[in-house]
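Try each task before you read its solution.

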Amino acid sequence: MRLDDPQLLSPEIIWNMLISYRDIQDYHAMVKLVEDLAHVPKNRITNMPNIQHLYAFALNRRDKKGDSDKALKVIQQAIEQSNPPVSDMLCLCGRIYKDKFVQSEYTDQKSLEQAIHWYRKVF
């Protein structure tokens, strides 16, 4: 409720909140938290790769219209910012493409190829 309080706006607190929401599978709350934080002036937390990773994860799991495309954009940006990228981020990218392939009733070959590409990159 008080995202404008600098004492409450630390990466550790936001990370723990996101993990707590993830544990109870409240993906909408995860998305809302990150999107609300993005409107706070001088906020740099939402640009952190670990926060973006959880945000992309939540978008993919929430699965509203346009969420998977947004999740891909967010996770690919997080991968670019990480040097080297964490394997969980690469796996999430593969998972999003795999989900797109499954949702297409196994007809979207481009998503299948991209899923394979990202999973191979991890290995």
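**Exercise 1.** Which side chain does the side chain of Asn-60 make a polar contact with?

*Solution.* Start at the side chain of Asn-60: its polar contact is with the side chain of Asp-99, at 2.9 Å. Keep in mind that you're looking at a predicted model. Then look around it, skipping neighbours within four places in sequence: Asn-60 touches Ser-68, Ala-71, Arg-95, Ile-96 and Asp-99.

**Exercise 2.** Is Asn-60 buried or exposed?

*Solution.* First, recall the cut-off: buried means under 20% relative accessible area. Now take the value for Asn-60, which is 7%. That's under the cut-off, so Asn-60 counts as buried. Zooming out, 39% of the chain's 123 residues count as buried.

**Exercise 3.** Why does the radius of gyration of the chain agree with a compact globule?

*Solution.* Begin with the expectation: a compact globule with 123 residues would have a radius of gyration near 14 Å. The chain has 15 Å, so the two agree. For the dimensions, the C-alpha trace spans about 50 × 30 × 25 Å along its principal axes. Finally, check the contacts between residues at least 6 apart in sequence: 54% of them join residues at least 24 apart.

Conventions:
Residues are numbered from 1 along each chain as its sequence is written. This is a predicted model: local features need pLDDT of at least 70, side-chain atom pairs count only at pLDDT 80 or more; totals for chains, interfaces and linings use all residues. Side-chain values use heavy atoms; hydrogens and water are left out. Buried means under 20% relative accessible area, exposed over 50%, partly exposed in between (1.4 Å probe, protein chains only). A polar contact is a pair of N or O atoms within 3.5 Å; within protein, one must be able to donate a hydrogen and the other to accept it, and residues adjacent in sequence count only if both atoms are side-chain atoms. Contact means heavy atoms within 4.5 Å. The radius of gyration is taken over C-alpha atoms; the globule rule is 2.2 Å times the number of residues to the power 0.38.
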